[in-house]
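Subject: Handing over a structure, with notes

Dear colleague,

I am passing this structure on to you, together with some notes on what was found in it. Please look through the sequence and the model before reading on.

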Amino acid sequence: DAPRPPQPLAPNASSEGTDSGPQAFSCGSSSPSSLPQVPPPPPPRPSAPLLRSPQRDSRRSGKDTLERLAAREAAREVLPPAEIGATLLAVAKLRVAEEVLPETQRAYLLGEIASADNGWTPFAASASCYGLRAWKGPSLQTLLRALPSKLAKVPGPFSGTDCSMAFFGLHRCPDDSDTRNLLMALTPKLTECLDSLQARHISNTLYGLQRCGDSQEGRSVLAALVPHIQKCTEAFTSQAIANSLFGLQSCSHSEQGRAVLAALAPHIRRCAEAFSPQEIAMSLYGLRHCRGLEEARVVLASLAPHIRECSDAFSPLEISTSLYGLRDAGDSEEACAVLAALVPRIQSCVEAFPSQSISNSLYALQRCRDSQLTRAVLSAMVPHIQKCTDTFTSQGVGNSLYGLQRCSNSQEARDVLEAMVPHIQKCTEGFTSQGIANSLYGLQRCGDCREGRTVLSALVPHILECVDPFNPQSVGTSLYGMQRFGDSEEALNVLEALVPQIQKCTE
């Protein structure tokens with residue numbers, strides 16, 4: 001059997017549009033379940049949420065609300081829950097609390113939330129939850145810890161809008177015990193909601209779960225949402241579908257996540273609205289942990305016609321994010337149909353690919369066997385690699401080569417290897433032992449070809465300069481990748497460079 005490859009390093013995170021943080025990586029039967037966790041690549045920036053502000057708040061502007069807060073803070077008045085909710089809602093619409101409120105007002109508002117025990121209405125509670133999206137750090141944790149007890153004091157059921165606002169506010173919250181406690185407090189409100197949830201309510205609720213990993217609390221929310229999705233008679237827009245699937249990115253592989261996918265599939269098929277490239281990328285990215293699931297294949301089959309009919313040009317980020325969403329889909333008929341629909345988008349893209357988009361795109365092919373379709377994807381990527389002027393990081397090189405592990409024995413894959421050589425040579429960043437192991441492991445099927453040997457030559461200086469200690473796994477993975485190179489000069493040079501690293505291994 002193949003040795004267990006070390007965990008590929010995380011694609012570089014951008015300052016905006018990043019998603020749910022660490023996610024477990026899976027590499028098939030040869031990959032241990034205990035591998036380190038890594039964050040996925042940044043998704044496209046999502047479209048504005050499908051949220052309608054409550055009429056109760058529409059009569060007053062955010063500016064008026066903040067001016068009242070300043071006056072109340074100066075007078076040290078007690079804030080009623082309705083005013084707390086309206087204030088948090090107004091701050092959230094202005095994005096970031098630290099940029100909207102001075103420190104004294106932030107402290108005053110947080111203190112009032114903690115001490116307000118009576119008078120909590122569905123609007124006050126849901127608007128307060130919605131306001132979470134504007135806070136971070138210790139202030140966010142203070143809010144998360146205060147809100148469950150306030151929800152318990154709300155008489156009567158939530159409306160669909162209340163549910164939608166409350167869950168949407170969670171989309172930037174960390175996947176920790178405080179967030180899960182709030183999910184647990186919100187679930188009965190969703191279960192007891194007597195309204196027929198509309199498409200925008202469903203999509204906002206699911207979108208809010210994007211950072212919530214697989215937990216009992218998250219599963220309970222998904223289970224409560226399934227009947228609402230099944231009973232929804234309103235047509236889903238393309239944006240509603242994209243936001244719904246995007247929100248499932250960390251929890252779609254549970255039984256309850258699968259039930260949500262099954263309930264969404266008919267709405268995707270019936271959607272008559274044209275999808276934008278961003279919406280396609282978000283939809284596919286949400287499926288990135290759905291390896292082999294029947295429900296995910298049905299969703300892919302429902303998405304394929306929308307991809308084929310999309311007339312807008314894809315950006316490199318939208319291409320790489322779409323491909324990344326397929327990384328665990330394998331060679332199923334449905335995944336192949338989606339991949340085939342994406343090939344013309346790669347071919348027609350005229351925008352320059354940054355190195356990260358290239359590495360994420362190639363990394364996403366790690367489960368794709370050599371086939372005409374895989375070769376078409378590789379062939380479409382070659383010009384973008386050749387034209388790339390962006391410097392690759394050592395991690396980008398490792399992820400790019402790692403993605404070729406099952407399809408590197410075709411001429412198209414060799415063309416990719418040849419196009420990667422200048423980028424490997426120009427990389428000035430020190431390689432980690434894991435990056436070297438990932439790079440060599442990806443070459444395991446390319447055979448003793450000229451392009452593969454050229455890649456080996458380009459890697460030798462990086463191996464010699466590596467100061468990161470190798471462990472037994474990275475040693476075994478590196479050597480395993482060399483299995484088809486024979487005793488060429490380039491292969492022997494790599495082995496010679498690896499010997500000191502093996503000798504220094506103390507594990």
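Helices (H or I, at least four residues) and strands (E, at least two) are taken here as DSSP runs and are numbered from the N terminus. This is a predicted model, in which local features need pLDDT of at least 70 and side-chain atom pairs count only at pLDDT 80 or more, while totals for chains, interfaces and linings use all residues. Residues are numbered from 1 along each chain as its sequence is written, and side-chain values use heavy atoms, with hydrogens and water left out.

The chain as a whole

The secondary structure of the chain comes to 25 helices and zero strands. Of its 507 residues, 58% count as buried, where buried means under 20% relative accessible area, exposed means over 50% and partly exposed lies in between (1.4 Å probe, protein chains only). Taking a contact as heavy atoms within 4.5 Å, 86% of the contacts between residues at least 6 apart in sequence join residues at least 24 apart.

Two loop arginines

Arg95, in the loop between H3 and helix H4 (97-100), has a positive phi of about 85 degrees although it is not a glycine, and with a relative accessible area of 48% it is partly exposed. Arg76, in the loop between helix H2 (62-75) and helix H3 (81-93), also has a positive phi, of about 55 degrees, and at 55% relative accessibility Arg76 counts as exposed. For background, most residues other than glycine have a negative phi.

Aromatic rings

Rings of Phe, Tyr and Trp (its six-membered ring) are paired if their centres lie within 6.5 Å, and planes under 30 degrees apart count as stacked, over 60 as edge-to-face and the rest as tilted. By this rule the count comes to nine aromatic pairs. In one of them, Tyr324 and Tyr363 have ring centres 5.8 Å apart and planes at 15 degrees, so this pair is stacked. Because Tyr324 lies in helix H16 (residues 316-325) and Tyr363 in helix H18 (residues 355-363), the pair ties together parts that are 39 residues apart in sequence. Tyr324 is buried at a relative accessible area of 2%, and Tyr363 is buried at 1%. Both belong to a cluster linked by ring pairs, which includes Tyr130, Phe168, Tyr402 and Tyr480.

Helix H18 itself is mostly covered, with eight of its nine residues buried, among them Ile358, Asn360 and Leu362. The buried residues of H18 pack against H16, helix H19 (372-387), helix H20 (394-402) and helix H21 (411-426).

Two helix pairs

Axes are lines fitted to C-alpha atoms, for helices over the stretch in contact, and angles run from 0 to 180 degrees between N-to-C directions. Helix H8 (residues 160-168) packs on helix H9 (residues 177-191) at an angle of about 160 degrees, with the axes 10 Å apart.

Ser433, Ile436, Ala437, Leu440 and Tyr441 in H22 meet Ser474, Thr477, Ser478 and Tyr480 in H24.

With best wishes
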